[in-house]
Amino acid sequence: MFTYSSALNAAPGDSTITLTTAVQRSLSQNPSLKIFPYRYDALQGQAETAQLRPAYEVGFDAENVAGSGDFSGVSGAELTVALSSVIEMGDKRSARQGVVSHSRSVLDAHRQVESLALLGEVTRRYVDVLAAQAQVELAKEAAQLGNESLRIVKKRADAGATPEAEVKRAQAAAEQAKLALLAEQQRLAYLKMALSALWGATNPEFDKVEGDLFQFGEDVAFERLYAKVEKNPAIEIFAAQSRLKEAEIRLAQTQSSADISWSVGVRRMQETDDTALVAGFSMPLFSGERNAGAVSTALAEKNQVLAQRDVMLLDLHTQLFRAFHNRKQAIVAVKALHTAIIPALEQALVETQAAYQRGRYGYLDYVSARQELLSARRTQIEAAAAALTYGAEIEQLTAEPLALTQYGEDNTFSGSPQ
């Protein structure tokens with residue numbers, strides 16, 4: 001299972017939630033995982049059936065009854081009571097039990113895959129909320145800048161240094177900034193609801209999520225990551241299915257051994273008032289030849305599983321390659337925006353605003369400088385969210401955390417997801 005250990009965990013009733021809490025709630029309450037106990041119960045029933053030996057049967061046979069002449073009535077009847085059953089050959093009972101046992105291993109692997117997929121989805125939605133919170137803060141800043149710009153434009157208009165039309169444009173821009181803020185707040189509300197839905201809640205019980213949007217941890221070489229892909233539960237499913245198919249082959253092979261049907265009983269002749277012991281057995285002929293097709297089918301299905309495993313490995317390699325390099329590119333973009341682009345645009349806005357107030361720049365120059373800075377900050381948030389989202393995809397593919405300090409928490413991995 002995944003274990004998250006962090007001092008950032010929110011106490012019950014707090015309005016802040018951590019990734020640890022979101023993961024724990026989802027693993028324990030998500031409806032998609034609640035079906036597995038029923039599947040295990042179904043397999044338990046199959047196991048109980050598989051270990052049963054052939055049933056005993058009681059038969060009654062009446063001959064020479066209600067005929068004509070000497071056989072009229074029941075005076076000449078022959079009555080037989082017999083007990084019968086089947087002797088299974090080829091260790092069929094053990095083979096049946098083996099199929100059920102390996103079916104349970106396949107179900108275990110499917111549960112791990114479902115749990116891992118759920119963990120990935122929790123992380124992605126958590127990152128979405130984290131990014132949406134940053135976008136709301138940016139939208140608030142944009143609204144404040146819009147109001148500040150309107151104040152500056154009005155001051156210049158009052159001094160007769162700018163036409164009244166620029167005041168109207170500044171007012172419209174300020175109102176648009178308020179609408180953009182409202183849209184971001186609505187989007188955040190939806191994303192919080194979508195995150196809560198993963199543990200079955202219809203209304204979020206938190207106001208914000210905890211975490212650092214711009215903390216990515218250390219890079220890990222692609223080769224090391226791909227070496228872990230073979231341990232992904234999605235690959236383990238094929239290993240478990242291969243073992244299941246081997247068990248099915250053994251079960252099919254046991255059908256080549258013909259079962260022996262036997263019966264033993266007592267016969268009573270009414271005419272002479274005598275009794276006699278009767279016994280018999282039977283077995284089908286040429287069972288091996290008739291069962292050859294079933295054995296061939298089971299063997300072909302096993303080979304198909306092995307081929308599907310190779311296809312899955314190639315697909316996982318492609319997914320990992322894409323996520324790995326897209327994550328690196330997103331991190332490079334975040335760092336470039338943080339260290340070079342945004343500081344330059346901030347300085348440019350300060351200088352442009354001062355020049356506009358002195359009448360050296362026009363209104364469009366001032367607005368463009370402001371929008372360029374806001375756009376760069378918005379791009380930085382989007383790139384950071386993309387880096388974390390691709391990191392979550394890598395974690396899902398490798399079944400291990402990418403870093404010990406992702407999302408502002410100390411995450412450790414132990415075993416497989418349950």
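**Notebook: salt bridges, cores and helix packing**

I began with a charged pair: the side chains of Lys-140 and Glu-137 meet in a salt bridge, with N and O 3.7 Å apart. I count a salt bridge when a side-chain nitrogen of Lys or Arg lies within 4 Å of a carboxyl oxygen of Asp or Glu. Both residues sit in helix 3, three residues apart, about one turn of the helix. Helices (H or I, at least four residues) and strands (E, at least two) are DSSP runs, numbered from the N terminus.

A note on the source: this is a predicted model, where local features need pLDDT of at least 70 and side-chain atom pairs count only at pLDDT 80 or more, while totals for chains, interfaces and linings use all residues. Residues are numbered from 1 along each chain as its sequence is written, and side-chain values use heavy atoms, with hydrogens and water left out.

**Entry: how exposed is the first pair?**

I looked up the accessibility next. Buried means under 20% relative accessible area, exposed over 50%, and partly exposed in between (1.4 Å probe, protein chains only). Lys-140 has 34%, so it is partly exposed. Glu-137, at 47%, is partly exposed too.

**Entry: other salt bridges**

How many salt bridges does a search of the whole structure find? It finds eight.

I picked out Arg-125, which pairs with Glu-121; their closest N and O atoms are 2.7 Å apart. Both lie in helix 3 (residues 92-158), four residues apart, which is about one turn of the helix. An α-helix has 3.6 residues a turn, so residues three or four places apart point the same way. Arg-125 is partly exposed, because its relative accessibility is 24%. Glu-121 has 26%, so it is partly exposed as well. I also found a network of salt bridges here, linking Glu-121, Arg-124 and Arg-125.

Then I turned to Glu-393 and Arg-322, whose side chains form a salt bridge at 2.4 Å, N to O. This pair links distant parts of the chain: Glu-393 is in helix 8 (residues 363-398), Arg-322 is in helix 7 (residues 287-357), and they are 71 residues apart. Is Glu-393 buried or exposed? Its relative accessible area is 15%, so Glu-393 is buried. Arg-322 is partly exposed, at 37%.

**Entry: the overall count**

I noted eight helices and eight strands in the protein. Of its 418 residues, 37% are buried. I checked the contacts (heavy atoms within 4.5 Å). Among those with a separation of 6 or more, 78% join residues 24 or more positions apart.

**Entry: helix 3 from end to end**

The 67 residues of helix 3 should span 99 Å, and the end C-alpha atoms are 98 Å apart, which agrees. After helix 3 comes Gly-160, with a positive phi near 75°.

**Entry: nonpolar cores**

I searched for nonpolar cores: sets of buried Ala, Val, Leu, Ile, Met, Phe, Trp, Tyr and Cys residues joined through side-chain atoms within 4.5 Å. The largest has 45 residues, and those with the most contacts inside it are Val-122, Leu-195, Trp-199, Val-209, Leu-213 and Phe-216. Helix 1 (19-29), helix 2 (36-50), helix 3, helix 4 (164-197), helix 7 and helix 8 each give two or more residues to this core. Which element gives the largest share? Helix 3 does, with 16 residues. I also found a second, separate core of 18 residues, including Ala-157, Tyr-356, Tyr-366 and Val-367.

**Entry: packed helices**

Axes here are lines fitted to C-alpha atoms, for helices over the stretch in contact, and angles run from 0 to 180 degrees between N-to-C directions. Angles under 35 degrees count as roughly parallel, over 145 as roughly antiparallel, 65 to 115 as roughly perpendicular, and the rest as oblique.

Helix 2 and helix 3 pack at about 175°, with axes 9 Å apart. So helix 2 is roughly antiparallel to helix 3. Among the contact residues are Phe-36 and Tyr-40 of helix 2, and Val-100 and Leu-107 of helix 3.

Helix 5 (residues 222-229) and helix 8 pack at about 45°, with axes 7 Å apart. These two are therefore oblique to each other. Leu-225, Lys-228 and Val-229 of helix 5 meet Ile-394, Leu-397 and Thr-398 of helix 8.

**Entry: one lysine**

Last, I looked up Lys-192, which is in helix 4. Lys-192 has a relative accessible area of 13%, so it is buried. Leaving out residues up to four places away in sequence, Lys-192 touches Val-129, Pro-204, Phe-206 and Asp-207.

How values were computed:
Expected span 1.5 Å × (residues − 1).
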